[in-house]
Amino acid sequence: MSRYRISMDIGGTFTDAVAYDEETGQYQAGKASTTPGTLSVGVRNAMSNLVDDLGDLSFVVHGTTQGLNAFLQRRGEKVLLMASAGAGDVYQIARGNRTKLYEIQYRKPEPLVTRSDTYEVRGRISSGGDEIEALNEDDVRAAAAAFRDGGYTSIAVALLFSYENPAHELQVMELLEAELGDQVSVSLSHRLAREWREYERTSTAVLDAYTAPIVRTYLEELSAGLAGDGMEVPLHIMQSSGGIITATAARDYTVQTLLSGPVGGAMGGVSLARLTGHRNLICVDMGGTSFDVSLIVDGEADVSTEASLEGFPLLMPVVNIYTIGAGGGSVAYTEAGGLRVGPRSAGAAPGPACYGRGGTEPTVTDANVALGRVDPNVFAGGEFQLDADLATTALETLGSELGLGAREMAQGILDVVNAKMAQAIRTLTVEKGIEPGDFALVAFGGAGAMHAAFLAEELEIDTMIVPRFPGAFSAWGMLETQLRRDAARNFPVPLAQADRQALSTLYTDLGAEVAAQIRSEGVGEDAVHLRYAIDARYIGQEYTLTVPVADAEVVTTEGWPAAVKASFDALHHSRFGHSNADAPIEFVIARVTALGDLGRAEPKPLDAVTDAGDPVVRSVSFDGTDHQTPILDRDGLAPGSQLDGPVVIAEPTATTVVPPGWRLEVDSYGSIFARRETEE
Amino acid sequence: MTATDPAPTINPATIEIIRNALTSAADEMNATLIRSAYTPIIYEMKDCSVALLDADHRVLGQSAGLPIFLGNLEACTLAIEAQFGREVWRPGDVWIMNDPYITGTHLHDMTVMEPIFSRDEVLLGFATSRAHWLDVGSKDPGGTIDSIDVFQEGLRLAPVKVVDGGQQVESLTQAIGRNSRFFHGAVGDLGAQIACCHTGARRLPEIFERFGTETVLTARDEIFRQSEALERAFIASIPDGDYRAEGTIDNDGIGDEPIGVRVTVTIHGENMLVDLTETDDARPGPVNCGATQAIAAARVAYKLLVDPDSPPNGGSFRTLSVEVREGSMVGAVEPFPVEWYFTPLGLLIDLVVKALSDVIPERAAAASYGDSMVIFVSGVDPETKQPWLHVEPTVGGWGAWNGSDGQDALINNVNGSLKDMPIEVLETKFPLRVRHYGYRTDSSGHGEFRGGVGVSREFELLTDATISTWFERSDTPAWGLAGGGDATGPDVVINPGTENERHALKSANVALKAGDVVRTMTGGGGGFGDPKDRDRDALRTDIATGVISEETARTVYGLED
């Protein structure tokens with residue numbers, strides 16, 4: 001009997017799972033310890049905590065960190081890179097820019113492939129896609145021989161202009177398979193990113209080659225294991241774009257799954273926007289040591305066509321997640337007699353002083369503990385006990401340098417870090433051309449809801465939302481997404497000279513290609529939806545904006561050039577604050593996205609909740625004043641409950657702090673809405 | 001207030017929140033500028049800078065922009081006040097200027113400023129921004145190689161109000177725009193800079209209102225004190241003495257003689273003096289700069305060495321004084337040309353580092369390849385008859401330091417976060433074919449830690465075209481430290497290996513034919529320590545990767561088989 005939709009998200013400490021029961025219309029969350037050696041063990045444990053019989057599953061989606069971990073720990077494949085003759089150093093030069101401007105001892109990110117792992121291949125395609133020089137097959141065979149002898153495990157191929165004409169890359173593939181057999185892992189740049197800019201495309205192919213075999217093995221193991229446990233439905237994988245694909249399809253596009261985990265939170269934001277009617281959301285995910293921000297604007301995730309991973313570019317659609325250098329682990333210290341908080345972090349080791357792992361400098365978490373906002377006994381699901389005395393000692397030591405007592409010191413640290421986080425969010429919104437006051441703040445992760453009300457106050461935001469299962473929000477978000485496949489082709493031409501018939505044909509072809517891919521993943525014709533777009537810019541500009549296009553036919557209509565120009569101007573105005581009706585535009589890249597609807601949860605309102613009993617009342621300090629504050633168990637909060645702050649809501653994976661001046665209400669699905677009482 | 005006064009009585013957390021708020025206000029100004037700028041040179045290459053000043057023209061917050069614009073925007077508001085008096089400041093006005101002899105930089109760099117007032121019209125400070133405009137109407141498109149005075153270099157604006165009582169002055173806007181070959185770009189970037197100043201003019205009064213004037217001013221003094229105290233402590237740790245370094249730029253673009261840049265750094269207790277007075281006289285060619293930029297360059301060097309991480313404010317640089325001789329290359333006066341004002345400054349920064357490298361070796365590095373190494377390629381499309389122009393700086397090697405090799409192929413240190421142009425974009429937009437773009441073997445300075453390598457880029461012209469080049473530092477290539485070797489300098493070769501071969505490090509408007517080949521080569525960075533001490537595994541890796549030739553490994557590094 002298929003009744004459960006389930007998702008699994010791997011975190012550093014825990015693997016979270018969320019299951020939706022189609023019969024009762026209710027969600028359940030569970031977790032298991034992450035098993036670093038063999039991640040699939042933790043994943044299966046987390047699932048079995050929620051569902052007894054995997055044969056009961058109707059839909060399964062997973063955010064994997066296997067590839068990302070391999071990259072972050074630099075234990076990926078040994079990659080041989082094949083590049084066009086004369087351009088083998090493109091990957092090493094990495095466009096020559098630097099990201100820190102006052103650093104005399106600057107270092108670029110260490111490339112994943114060295115110069116001696118790079119093999120140049122003669123043969124050349126022109127910018128128009130014509131063959132200028134035939135591919136030199138001996139060069140390919142020489143690289144194949146080097147692969148055999150050099151201990152390599154994976155190959156990346158990135159030839160100039162392959163996005164225009166992939167013939168040489170395909171020929172290389174054929175020759176490699178003839179030489180090395182068809183089991184060899186080859187990443188062709190044009191298959192992963194059919195866009196110009198050779199460094200970015202090479203980097204994408206190298207990242208794929210570096211992680212693909214590892215991810216493939218993992219997906220095979222997990223799929224086989226789950227099938228062995230009786231699972232009958234396909235495993236779906238979260239992609240960086242915010243959509244999902246089947247594990248089988250992911251084999252050929254593993255690089256698309258690299259940022260699979262963190263994206264779940266942003267997709268949860270999209271669902272929350274749909275469910276709550278709050279179309280504009282700032283989502284903050286704060287854990288022990290990290291603070292990530294994502295934006296939902298008018299109900300949509302904020303997706304870029306390019307991303308960067310520790311400085312390595314990736315040409316693919318990615319939901320933007322902004323990491324801000326402040327979090328629970330941010331260390332407070334003095335410099336020239338002034339207080340500083342972060343960006344230095346205590347990390348997990350030694351961690352905050354209250355972890356009792358030898359940390360002596362006070363952190364943001366220590367400040368929260370000292371002010372009574374965290375229950376030391378239930379931190380991180382009660383996995384380990386915090387030592388409030390160590391927190392106080394650390395705060396006293398620092399406070400004595402600044403003439404402050406431990407509590408004042410703690411309040412000061414929180415005031416500083418909240419102001420810094422809020423300012424970072426504000427700068428981000430200024431860059432995006434949006435006004436934070438028009439947004440609601442969504443808080444998740446273990447510590448998000450501890451700080452959110454204070455961030456909201458700084459940002460003049462009136463509404464804070466804490467979803468159910470804030471510790472497993474990324475997993476919840478994955479349950480709510482659609483299948484997604486993307487295709488792009490270079491189409492660089494001024495609007496005035498564009499062959500619009502050719503563009504229409506291109507859209508039709510690309511649309512057929514991605515639609516077929518989605519259908520092959522088991523979705524009916526009716527459930528496939530195509531979205532068209534074109535990257536455009538003012539002639540002379542470098543950056544492009546992605547302009548939506550209604551369908552493949554509209555581009556040939558008489559009125560379309562004026563319409564697309566007007567759409568571009570409007571988009572430019574909203575994004576950059578000005579536009580220019582007189583300036584001509586040019587196209588750069590044509591894009592098509594296919595979305596496949598797999599249906600989604602139709603949750604029912606929560607029914608009865610467990611009896612909370614009488615709340616514990618604890619002294620919690622706000623703005624230097626102690627307040628007798630009820631500490632409520634989240635599970636005991638009935639839908640429709642209304643409470644005035646101050647109140648602290650505890651649950652195994654997170655703590656929500658609702659300060660004085662805020663009023664909270666629990667909606668029928670169990671989300672907490674807290675609203676700031678605005679002064680008259 | 002001095003660094004030794006007792007700390008004030010307001011809460012240290014409040015001071016820190018105000019410090020962050022002021023820096024953030026500058027960041028927001030910068031975000032506004034980047035977001036709304038029209039030309040990629042600003043929003044992609046970050047060739048811009050913003051600062052929020054107090055009513056006494058001291059920096060409250062500055063956002064990291066082009067290094068060479070560090071800490072000299074206040075020179076512009078001070079100049080306006082000196083000329084027109086303090087009563088000139090009025091709410092709703094925005095000023096613009098680009099006079100090189102005040103701003104110190106070249107005419108491309110427009111400085112836009114707005115006085116900031118409280119609700120009851122008390123002057124609180126200034127919002128200032130500077131950004132590079134693509135074209136300001138110089139004799140040649142996009143800039144000049146061989147200008148002989150400032151008048152050939154484009155539109156020169158003395159300070160003037162471009163927004164008057166809240167209204168943008170349309171006549172002036174048109175006049176400025178029509179002096180550029182790219183009207184939309186110029187007017188668009190002007191709009192972005194005005195929007196940037198408005199952001200600062202909104203945020204600063206909010207900060208004053210939220211915390212109260214008294215608190216903000218007390219916090220400001222404490223913030224300045226903290227910065228000053230940090231810098232004083234560091235300077236005091238450097239042994240007293242006079243430290244000298246000198247080098248040359250190749251020539252001024254017109255003549256052939258090398259021109260000397262001479263630096264004496266005097267450390268005395270908690271203070272540093274950078275004396276530039278022995279630098280050669282101003283030149284007929286466009287390598288001169290105004291004193292303001294020479295001071296900014298000295299500040300960049302100081303910041304690189306003393307405090308690379310924290311955002312500068314009015315307490316920064318109080319321990320630094322800079323002496324510039326009027327009439328020298330770095331103290332230029334009208335009408336000396338200034339288009340390549342940064343060429344001597346990149347050298348100047350490296351020389352200050354060199355001068356102090358013996359006494360603060362842990363902060364220093366050997367010299368980098370030095371200058372922007374710019375090539376202009378232009379022509380007319382034979383089919384569309386449209387003119388085209390490609391301008392691009394070139395990456396090169398950076399200096400090694402104790403413990404690490406220098407970086408290979410990196411943009412020079414006075415540039416922003418500039419990226420090279422992809423071959424695929426270059427060949428699509430222009431009638432060129434790139435035959436080779438890669439590391440230049442043996443170009444680095446050798447050493448226990450080797451300098452970074454420069455690059456070689458070779459392209460063939462597919463139609464007739466004209467090139468101009470500005471490649472520098474062949475006379476003083478990147479030097480090594482502590483026994484490390486000097487790097488190979490740059491070279492530009494037209495039709496290499498043919499009987500028409502010629503070298504053209506600096507050239508203006510050279511006419512070439514379809515089929516001609518141009519090879520540009522940039523220098524490496526200097527080495528650190530004796531090459532004989534280089535780790536043998538590292539050396540073998542260098543040979544395997546082709547960064548060092550086997551022959552060099554034997555002759556210079558003493559590699560035995």
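Trainee: What should I know before I start?

Mentor: Residues are numbered from 1 along each chain as its sequence is written, and chains are lettered from A and ligands numbered from 1 in the order in which they are written. The model is predicted, so local features need pLDDT of at least 70 and side-chain atom pairs count only at pLDDT 80 or more, while totals for chains, interfaces and linings use all residues.

Trainee: How many helices and strands are in chain A?

Mentor: Helices (H or I, at least four residues) and strands (E, at least two) are DSSP runs, numbered from the N terminus. Chain A has 16 helices and 35 strands. Its radius of gyration is 26 Å, close to the 26 Å that the globule rule gives for 680 residues, so chain A is as compact as a globular protein of that length. That radius is taken over C-alpha atoms, and the rule is 2.2 Å times the number of residues to the power 0.38.

Trainee: What share of the residues in chain A is buried?

Mentor: Count C-beta atoms, placed from the backbone: a residue is buried if 20 or more others lie within 10 Å of its own, exposed if 12 or fewer, and partly exposed in between. In chain A, 55% of the 680 residues are buried.

Trainee: How do I read a pair of packed helices?

Mentor: Two packed helices are described by the angle between their axes and the distance between the axes. Axes are lines fitted to C-alpha atoms, for helices over the stretch in contact, and angles run from 0 to 180 degrees between N-to-C directions. Under 35 degrees counts as roughly parallel, over 145 as roughly antiparallel, 65 to 115 as roughly perpendicular and the rest as oblique. Take α11 (residues 388-402) and α12 (residues 406-432) of chain A: they pack at about 85 degrees, with axes 8 Å apart. That makes α11(A) roughly perpendicular to α12(A).

Trainee: Which residues of α11(A) are buried?

Mentor: Among them are Leu390(A), Ala394(A), Leu395(A) and Leu398(A). Their cover includes β21, β22, α10 and α12 of chain A, together with α1 of chain B. Just after the helix, Gly403(A) takes a positive phi of about 75 degrees.

Trainee: How do α12(A) and α1(B) cross?

Mentor: Their axes come within 9 Å and cross at roughly 5 degrees. The two helices are therefore roughly parallel to each other. Residues are in contact if their C-beta atoms, placed from the backbone, lie within 7 Å. The α12(A) side includes Val416(A), Ala419(A) and Gln423(A), and the α1(B) side includes Ile17(B), Asn20(B) and Ala21(B).

Trainee: How many residues of each chain meet across the whole interface?

Mentor: There, 63 residues of chain B are in contact with 58 residues of chain A. On the chain B side, α1(B) gives the largest share, 14 residues.

Trainee: Where does Ala336(A) lie?

Mentor: In the loop between β21 and β22 of chain A. Phi of Ala336(A) is near 50 degrees, a positive value in a residue other than glycine. With 19 C-beta neighbours inside 10 Å, Ala336(A) counts as partly exposed.

Technical notes: Two residues are in contact if their C-beta atoms, placed from the backbone, lie within 7 Å.
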